[in-house]
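Let's look at how two chains meet, one question at a time. Have the picture ready and follow along.

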Amino acid sequence: MSDNDILVEVRDLKVHFPIKRGVLFDRVVGHVKAVDGVDLSIPRGKTYGLVGESGCGKSTLGRALLQLNPPTSGEVSFDGVELTTLPPGKLRTMRRRMQMIFQDPMSSLDPRQNVESILTEGLQTHGIGTDRTDRRRIIGETLDAVGLPRWALSRYPHEFSGGQRQRIGIARALVLGPELIVADEPVSALDVSIQAQVVNLLDELQDSLGLTYLVIAHDLAVVRHISDTVGVMYLGALVEEAPSDRLYTEPLHPYTRALMSAVPVPDPDVEDRRERILLAGDLPSPANPPSGCRFHTRCPWAQPTRCADERPALREIGASRVACHFAERIASGELRPHQVSVQIVRPEGEGESPGVVSAPSEPGSYV
Amino acid sequence: MSLLEVDDLSVTFARRGQRPVHAVDGVSFSVDAGEVVGLVGESGCGKSVTSLAIMGLLPKQPGLRVGGKAVFDGTDLLQLDDRSRRDIRGRDIAMIFQDPLSSLNPVIPIGLQVTEVLTRHRGMKGDAAAKEAAALLDRVGIPDPKRRLKEYPHQLSGGMRQRALIAMAVACQPRLLIADEPTTALDVTIQAQILELLKELVRDSGTALLMITHDLGVVAGMVDTVNVLYGGRVVETARRRPLFREPRHPYTVGLLGSVPRLDAGRGEKLNPIPGSVRDLLPWPDGCAFAPRCARRIDDCVGQPPELVHTYDGRSYRCVNPEPVPGTVPAPREEEPA
């Protein structure tokens with residue numbers, strides 16, 4: 001793949017939020033490492049899906065990519081332009097080319113603005129369209145594209161159903177003619193039958209307009225359905241990145257395996273046959289992530305060597321990139337999973353060092 | 001006789017100057033001991049209102065009318081006075097809600113909330129109650145239960161809160177457990193843990209489970225008998241496997257076609273149901289699903305479709321159901337010449 005095919009490139013992106021304490025004077029007592037060193041690239045016209053559980057940093061990554069949250073360090077280049085060092089004015093003009101769709105259409109649309117005003121605002125800001133009739137024409141075309149009737153223009157968000165509201169949100173992003181759309185949980189607030197409509201709409205728009213998507217969602221089935229490449233995040237870092245077909249058939253990282261096996265499939269025959277890998281406990285706090293491989297405290301394949309003290313980097317294995325020291329040996333079946341005892345996850349501020357949590361409970365239980 | 005027999009349950013909310021809303025409209029189903037029964041549907045189909053009506057938890061307001069019967073072990077729950085209903089609630093029937101944070105009292109420690117059930121229904125006090133509460137938390141997989149008892153809901157993670165709620169629900173070994181979207185607010189890996197826990201409870205204690213969910217994947221994994229609801233009525237009832245193998249009601253077919261599957265090949269288009277729940281027809285005028293239905297015929301409008309019963313406890317409410325795949329309507333036998 002040649003370099004100019006890549007629309008977005010993220011290198012070693014970090015977003016840390018300070019934790020502040022104190023009555024009179026705030027002092028920083030630590031950092032929540034929401035995103036901690038992510039590399040990824042999205043080819044033009046493709047869809048990159050980002051999955052992970054709540055708190056893994058996927059939304060923060062999406063927002064940092066658009067510079068909505070200033071990154072702590074790292075680089076984000078969009079079509080060859082480095083965004084992190086761009087002055088605010090230039091960044092604003094770049095924003096026309098990268099838009100966002102939010103999860104909850106009701107809270108991301110202004111209830112006091114009618115649809116026409118919602119859609120015109122962006123056009124005016126960016127000086128698109130010569131006059132009102134020209135803007136109306138652009139808006140009309142956008143409405144057609146997202147499947148909303150023209151009479152919607154004079155209506156307010158509360159007059160629409162959930163699915164239609166999400167279409168308004170999509171229209172607002174589309175009206176500027178962007179190249180990249182970051183969709184943060186675009187369908188998770190919708191009912192299944194409506195969800196499918198919106199998923200198909202996003203698919204069709206990509207085909208007709210050549211859009212590039214970054215889709216962020218917790219629903220693996222949805223993400224896998226619309227993405228070309230899927231990245232799995234755990235505690236602020238990518239643990240696996242694979243073509244979406246391979247992710248289900250050959251998950252390489254233990255976390256991906258557990259995630260895949262946990263997603264319910266609407267088919268009783270599959271459900272009865274499949275083996276679930278149940279993870280013990282909850283996600284550790286991103287303010288105080290475990291040492292070494294972040295997943296080692298819950299990993300059924302964790303080994304006494306390397307896992308607890310050496311942070312694995314993403315390595316290429318076949319068409320995938322995996323951050324696991326033992327991915328090959330797990331895939332070949334050489335390493336067997338073992339029981340992991342539940343580790344106590346303390347909420348923030350209770351001062352239990354994650355150092356006590358650790359590798360397997362019974363040292364003899366793994367091969 | 002089933003453990004719970006819901007017969008022609010209807011719930012109507014009326015407000016002055018507005019048309020009454022029939023949230024639940026003639027819903028009938030039954031739950032046997034040790035069985036997992038599902039109520040499945042999208043938002044607004046009446047699945048939660050059904051469960052609240054059974055538990056007598058609907059807010060008492062002037063316009064509320066609840067009709068029909070919900071017979072639990074010989075007593076009609078809808079006819080009970082508040083006092084005897086409180087005796088049954090928590091002891092014989094318990095409920096788990098969707099959002100554990102808003103169903104726990106934020107200013108009372110977990111331990112007190114669990115022992116409250118034990119004190120009220122099992123007459124336990126002091127140390128005995130605390131010990132039992134710790135044992136319950138331990139049973140639902142909460143590590144370090146003694147310490148957890150002193151903690152407040154906000155100190156627990158989402159999965160732990162849901163476990164605490166389940167511990168309270170199973171404290172008196174209820175004969176029926178109603179779970180209203182128990183895993184919707186949780187992450188998938190935590191969801192898998194909770195579903196596994198619920199399955200275990202049903203298997204080990206013979207508790208019947210009424211599972212209310214919108215997630216067909218969850219249904220496929222654990223429900224024995226499925227009731228699909230649309231617009232306040234049951235549109236299809238079937239055992240788990242037949243329902244997924246050969247759905248008969250077009251709405252069920254549509255739901256199954258809308259869900260992206262993890263194990264499906266890529267590039268397969270989803271087949272969404274057109275329109276939204278809003279454009280439904282009131283049932284007395286015809287099938288509420290007709291405006292969105294691909295198999296709509298003239299007979300759909302005019303009068304509500306009757307429930308059609310077929311073999312093996314299956315039934316559906318449709319005049320033009322999906323044909324059973326793989327079978328052609330039997331050719332009429334020719335008279336031998």
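Contact here means heavy atoms within 4.5 Å. This is a predicted model, where local features need pLDDT of at least 70 and side-chain atom pairs count only at pLDDT 80 or more, while totals for chains, interfaces and linings use all residues. Residues are numbered from 1 along each chain as its sequence is written, chains are lettered from A in the order in which they are written, and side-chain values use heavy atoms, with hydrogens and water left out.

Q: How many residues of chain B are in contact with chain A?
A: Start on the chain A side, which puts 54 residues into the contact. Their partners in chain B number 47.

Q: What area is buried between chain A and chain B?
A: Buried area is the accessible area (1.4 Å probe) that two parts lose on being put together, summed over both. Carbon and sulfur atoms give 54% of it here. The total comes to about 4500 Å².

Q: Which residue of chain A meets B:R241 in a salt bridge?
A: A salt bridge needs a side-chain nitrogen of Lys or Arg within 4 Å of a carboxyl oxygen of Asp or Glu. There are four between chain A and chain B. In this one, N to O is 2.2 Å, and the partner of B:R241 is A:D269.

Q: What percentage of the residues in chain B is buried?
A: A residue is buried when its relative accessible area is under 20% (1.4 Å probe, protein chains only); over 50% is exposed, and in between is partly exposed. Chain B has 337 residues, and the buried share is 54%.
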